[in-house]
Amino acid sequence: MAGIDAAFPARPAAARGRFSWLWTLIVPSMLLLVVFFLVPYLNMVRMSFLLKPADGPYLPQFTLNNYAKAVLDPFHWRVLFRTFWMAGLTTVLTLIFGYPLAYHLTAASGRRKRWLLMLIIAPLLMSVVVRGFAWLILLGRVGLVNQVAHWLTGRELVLIGTPTAVMIGLVHVFIPFMALSIAGALSNISPDVIQAARSLSASPWRTFWRIVWPLSLPGVQAGGLLVFILAVSSYVIPILLGNSNVLVMPMLIVQTLLDAFNWPLGSALSMVFFGLTAATVAVFLRMMGRAMGWTRA
Amino acid sequence: MRRRGVLLSVVVTLIYLFLLVPIVIVVLAALNAGNYLAFPPQGISLRWFIKAAETGPFLRSFVFSLKLAGWVTALSTVLGTMAALYIVRHSRRFRTVLRLAIVAPLQFPAILTGIALLIFFFATGLGTRGMRALFIGHTLLALPYVFLTVSAVLVGFDRSLEEAAQSLGAGPLTTFRRVTFPLIKGGVISGALFAFITSFDQFPISLLLVSVGNTTLPIQLFDYLRFSFDPAAAAVSTVSVLMSVAIVLLVDRLVGLQAVSWSGQG
């Protein structure tokens, strides 16, 4: 054995010298990110402080006017409020529906688990437009839901164009994200821990709330973060299912940019929207951090 | 105990139905022989697929989306694999920062990234005509998926195989070609498939960066749905449904869905 060790000396010293060019592997990605991600965002920040003349896109002149317009208009706050409560409710509902799915998936094994996983991931890869369209068919005037409602109550429901339809669409789109995040955390829990709790005669209910739930909180946090950020910035579902009646912030920003052609105001609205999203996320992370701290203590 | 198991099964079945029934309805609507999107369908036919294929804008945007997704897949697969190799294997101090940087485009609202890119492309005079702007925007979002998938495969990689190759005199490139790549091939192909579908289905970035004559299929479908509502749209949607099902089956074959779906969050 000693001979082999001598013949194959410790790798790092030799390898480091030979592989010193390896850092070039990361350069193209970083270049792409700096030039086409970081710089455009910084440029948008700059744009939000520029002057919008009546007859052109923008003038290189510093002003706070766009922010004044963005923040002082109560209409913007109504839209912001609607956007955030819908995203928040989506996060809570996907947690309620996604958790049982994740729990059931983690408990399964073999072929069954593979199939279940496919059923969760396949919808995730479908275009949001397609999923919005599916609900447009289902919730429409002659759709399946309305046929059942008509048969039960004799009345016709108006669903398309209401916040309810938008919520249904959002929850449908985001359940898989939440379920997969939670399943990731659940699969990390050692069966021994649960065995131990059960052998100490804890009831299944108690085992769940005292052991499984706290240990799955990192997954709940990751899923909540993902779903909230995606839901707050969703555009297709609110337009298709809300029929332009349910105005949310991304729609307002896109209108300002493309229809009103006001880049400085659109950028300022984006920054306000971005700032509030980041603040909400920060509060959420703090809350989750505290929840996880408690259970650890 | 038994009762609780049954209750969970019932609840879970209902949630799966909620997830999958709308998708099945779209496929059924596309196969509908009738003139309207009514339920139940009136007989089965492929007439709406033919109608969709004969609709110029659908066909043009389908071809455009395929081409665009092809280019995006090529670039993001190469860059993402390189980045994963470096970050998982060789980075020390900056590992976390680099990881966060690569996945950053997934953490930012895509619609804002689209807006930032739109303003940027006009401000620099590059403009959004042709495929260029879309190509860059889509690559930003496809790259992290390749990176995450290849990273997942690399984490379980046995380094001693490479060391064996090198101690037998193979250079770094030969080692990569003959040892490393064959071992991570499944992960790279899976990453490429995810990159492809990310680009093919991309909406928010495309919404802002499409130009006249260069429209992607999801945008074309979206515009169509705002003015008409017939089974041709369902036929187009079915293409997207079939594509995602095919990709799920392929990735499961190549590396196992579990490997890629749960590491993605970490």
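Helices are DSSP runs of H or I with at least four residues, and strands are runs of E with at least two, numbered from the N terminus. Just after α5(B), B:G125 takes a positive phi of about 80°.

The model is predicted: local features need pLDDT of at least 70, side-chain atom pairs count only at pLDDT 80 or more, and totals for chains, interfaces and linings use all residues. Residues are numbered from 1 along each chain as its sequence is written, while chains are lettered from A and ligands numbered from 1 in the order in which they are written.

In chain B, 70 residues are in contact with 70 residues of chain A (C-beta atoms, placed from the backbone, within 7 Å). Helix α1 (residues 2-30) of chain B gives the most to the side of chain B that touches chain A, with 14 residues.

Of the 14 residues of α5(B), 12 are buried, so the helix is largely enclosed by the rest of the structure. Buried means that 20 or more other C-beta atoms, placed from the backbone, lie within 10 Å of the residue's own. Among the buried residues are B:A110, B:G114 and B:F121.

The axes of helix α3 (residues 27-47) of chain A and α5(B) come within 8 Å and cross at roughly 85°, with axes fitted to C-alpha atoms over the stretch in contact and angles running from 0 to 180 degrees between N-to-C directions. That makes α3(A) roughly perpendicular to α5(B) (65 to 115 degrees).

| Helix | Residues making the contact |
|---|---|
| α3(A) | A:F36, A:V39, A:P40, A:Y41, A:N43, A:M44, A:M47 |
| α5(B) | B:I115, B:A116, B:L117, B:I119, B:F120, B:A123 |

Terms used. Two residues are in contact if their C-beta atoms, placed from the backbone, lie within 7 Å. Angles under 35 degrees count as roughly parallel, over 145 as roughly antiparallel, 65 to 115 as roughly perpendicular and the rest as oblique.
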